[in-house]
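Hi,

Here is the structure I said I'd pass on. Have a look at it first, and my notes follow below.

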Amino acid sequence: MKYNLCDINEINRLLRKHNFNFKKSLGQNFIVDNSVCPEIVRRSSIDKNTGVLEIGPGIGVLTCEIAKKAKKVLSVEVDASLIPVLHDTLSDYGNVSVVNTDVMKTDLEKLVKNELMGCENLIVCSNLPYNITSPVIMKLLEENPGFTAMTFMVQKEAGVRLCADVGSRDAGAVTCAVDYYSDANELFDVSRSCFYPQPKVDSEVIELKIREKPQYEIENTDFFFKLIRAAFTQRRKTAVNGINSAAGIEKSKITEAMESLNIPVNIRAEKFTMSDWVNFSNRLFEMTGAKYE
């Protein structure tokens, strides 16, 4: 490796060389603890037959560790000013492709097919920018072109929410989606002191093992997630009021569906179990004739 990417002085020399300036809007914080990235890769399911999608490689510190073990690595970076930095730091690795694009505006299936062709197993392994954690994870889960697992480093608070039990205080709308598509587990914590510049929050590494098929039978998944998003829009409101105001469904229909399932009509979204959401969604979808799909 040309550079010690965990040495702050060397990082600064590298960034000056390429006239790079940090952009707060992109949540750019680079890992400078040399034990973190090897441990992320060790705890992931990467092997010599694996194709890995990495989102937000930064200067490539995690990318280098992934490349040592994977068959191919596709790193997607939205900041054009980091591309020459990455070409420099990753020049020793012939199995890495760097694409300058916004993952949220990208056709994942097409990109993965073009760049990770020939890999027997596909996974995601990323230190996600904190400002886009939930949208990126939702896109990956919904548009999944064949990933079997996803390993992320995220803000600690986000990791707790993503891996929470549906029906617990920490759960949110994204928790339900994660539970529907995967089996989520918290792996290990990462201190804020492991980053440069140092953020104001700690992080943790989580893994989502993608389910081969959903464990719930849902009449209409679009309607299901619409209800959940609406209910969690204003957490202090009851689910009835949240769904009524955000999804526009009549209160009478919502309460009728709840009462038929013995779900308290004054319940808040965070108290719904996954089974409650499934049964409630199916019943309400049946009652409304898909009017609110």
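**Two helices packed together**

Helix α8 (residues 173–181) packs against helix α9 (residues 221–233) at an angle of about 150°, and their axes are 8 Å apart. Angles over 145 degrees count as roughly antiparallel, so that is how α8 runs relative to α9. Keep in mind while you look that this is a predicted model.

On the α8 side, the residues in the contact are Ala173, Cys176, Ala177, Tyr180 and Tyr181. They meet Thr221, Phe225, Ile228, Arg229 and Phe232 from α9. Sorted by class, that contact has eight nonpolar residues, one polar and one charged.

**A buried threonine**

Next, have a look at threonine 63, which sits in helix α3 (residues 61–69). Is threonine 63 buried or exposed? Its relative accessible area is 0%, so it counts as buried. If you set aside the neighbours within four places in sequence, threonine 63 is in contact with Glu54, Pro57, Val73, Ser75, Leu90 and Val96.

**Salt bridges**

Side chains of opposite charge can pair when their charged atoms come close.

- Aspartate 88 and lysine 17 meet through their side chains, at 2.9 Å from N to O. This pair links distant parts of the chain, with aspartate 88 in helix α4 (residues 83–89) and lysine 17 in helix α1 (residues 8–17), 71 residues apart. Aspartate 88 is buried, at 8% relative accessible area, whereas lysine 17 counts as exposed at 52%.

- Glutamate 39 pairs with arginine 43, and their closest N and O atoms are 3.4 Å apart. Both are in helix α2 (residues 36–43), and because they are four residues apart, about one helical turn separates them. Glutamate 39 is partly exposed, with a relative accessible area of 21%, and arginine 43 is partly exposed too, at 30%.

- Aspartate 189 forms a salt bridge with lysine 156, with 2.9 Å between the closest N and O atoms. Aspartate 189 lies in strand β7 (residues 182–190) and lysine 156 in helix α7 (residues 156–163), so this pair ties together parts 33 residues apart in sequence. Aspartate 189 counts as exposed at 51% relative accessibility, while lysine 156 is partly exposed at 28%.

Which residues are linked with that last pair in a network of salt bridges? Glu186 and Glu204 join Lys156 and Asp189 in it.

Cheers

Notes
Residues are numbered from 1 along each chain as its sequence is written. This is a predicted model: local features need pLDDT of at least 70, side-chain atom pairs count only at pLDDT 80 or more; totals for chains, interfaces and linings use all residues. Side-chain values use heavy atoms; hydrogens and water are left out. Axes are lines fitted to C-alpha atoms, for helices over the stretch in contact, and angles run from 0 to 180 degrees between N-to-C directions. Angles under 35 degrees count as roughly parallel, over 145 as roughly antiparallel, 65 to 115 as roughly perpendicular and the rest as oblique. Contact means heavy atoms within 4.5 Å. Ala, Val, Leu, Ile, Met, Phe, Trp, Tyr, Cys and Pro count as nonpolar, Asp, Glu, Lys and Arg as charged, and the others, Gly among them, as polar. Buried means under 20% relative accessible area, exposed over 50%, partly exposed in between (1.4 Å probe, protein chains only). A salt bridge is a side-chain nitrogen of Lys or Arg within 4 Å of a carboxyl oxygen of Asp or Glu.
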